[in-house]
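Good morning, everyone. Please bring up the model on your screens. I will keep this short.

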Amino acid sequence: MPEPQVIIVICVVVLILLVITALVSWKLAISHRIKNYEDKVGSAEEKAREIKDAAIKEAVTLKKEAKLEAQEAALRTKNDVDREVKERRSEVQRYEKRVLSKEENLDRKMETLEKKESKLNAKEAELDELKQQTEEMHDKQLKELEKISGLTSEEAKEYL
């Protein structure tokens, strides 16, 4: 039978081996767990980087789309304004033509009225001259009648 001391030494050695094995196992388990956590963290960081990259790409795309939409809206607005300006110019030109036509009509009417006024003035002058001549002839005939009859117009009225 083996000696009790040898058994104790064997027990102590087994116990030490068990403790060392437990410590090594514990260290390996912790290392494994740390590695798993690091892998998970690395994977999460990679995933976060991918999400961030995707978000940046989407933001760039959205920015480009917004810029294109703004450019299209600006172009539509410009086209609308250009069309409205063209319509207004056309309307102004129509008004200008109408005003020009009315001015020409007024000028013609004014010319006609001036001619008529000139003719009327000439006729009025002619009538004034005829009236004066008529009055002169009337006075002359009246004097001649007075001379022939030997009576004045008042004497002739009294005689009648």
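I will go through some charged pairs, then a nonpolar patch.

First, the ground rules. This is a predicted model, where local features need pLDDT of at least 70, side-chain atom pairs count only at pLDDT 80 or more, and totals for chains, interfaces and linings use all residues. Residues are numbered from 1 along each chain as its sequence is written, and side-chain values use heavy atoms, with hydrogens and water left out.

Now the charges. Side chains of opposite charge can pair when their charged atoms come close. I call it a salt bridge when a side-chain nitrogen of Lys or Arg is within 4 Å of a carboxyl oxygen of Asp or Glu. How many salt bridges does this rule give? The count is four. I will show you some of them.

Start with Lys-78 and Asp-82. Their side chains form a salt bridge, at 2.9 Å from N to O. Both residues sit in helix H1, which covers residues 4–149. A helix here is a DSSP run of H or I, at least four residues, numbered from the N terminus. Lys-78 and Asp-82 are four residues apart, about one turn of the helix.

Are these two buried or exposed, or in between? A word on the terms: buried means under 20% relative accessible area, exposed means over 50%, and partly exposed lies in between, with a 1.4 Å probe and protein chains only. Asp-82 has 37%, so it counts as partly exposed. Lys-78, at 47%, is partly exposed too.

Next, Asp-80 and Arg-83. Here the salt bridge is 3.1 Å, N to O. Again we are in helix H1, but the spacing is three residues, about one turn. Asp-80 is partly exposed at 38%. Arg-83 is partly exposed at 47%.

Then Glu-84 and Arg-88. Their side chains meet in a salt bridge of 3.1 Å, N to O. They are four residues apart in helix H1, so about one helical turn separates them. Glu-84 is partly exposed, at 39%. Arg-88 has 54%, so it counts as exposed.

Now leave the charges. Which residues make the nonpolar surface patch? They are Val-6, Ile-10, Val-14, Leu-15, Leu-18, Val-19, Leu-23 and Trp-26. The patch comes to about 770 Å². Its rule: residues with over 30% relative accessible area and no salt bridge, with nonpolar side chains (Val, Leu, Ile, Met, Phe, Trp, Tyr) joined within 5 Å. Areas come from the Shrake-Rupley method with a 1.4 Å probe. Take Leu-15 from that list. Leu-15 lies in helix H1. At 52%, Leu-15 is exposed.

Terms used: Helix = DSSP H or I, 4+ residues; strand = E, 2+ residues; numbered from the N terminus. Patch = residues over 30% accessible without salt bridge, like charges linked within 9 Å, V, L, I, M, F, W, Y side chains within 5 Å.
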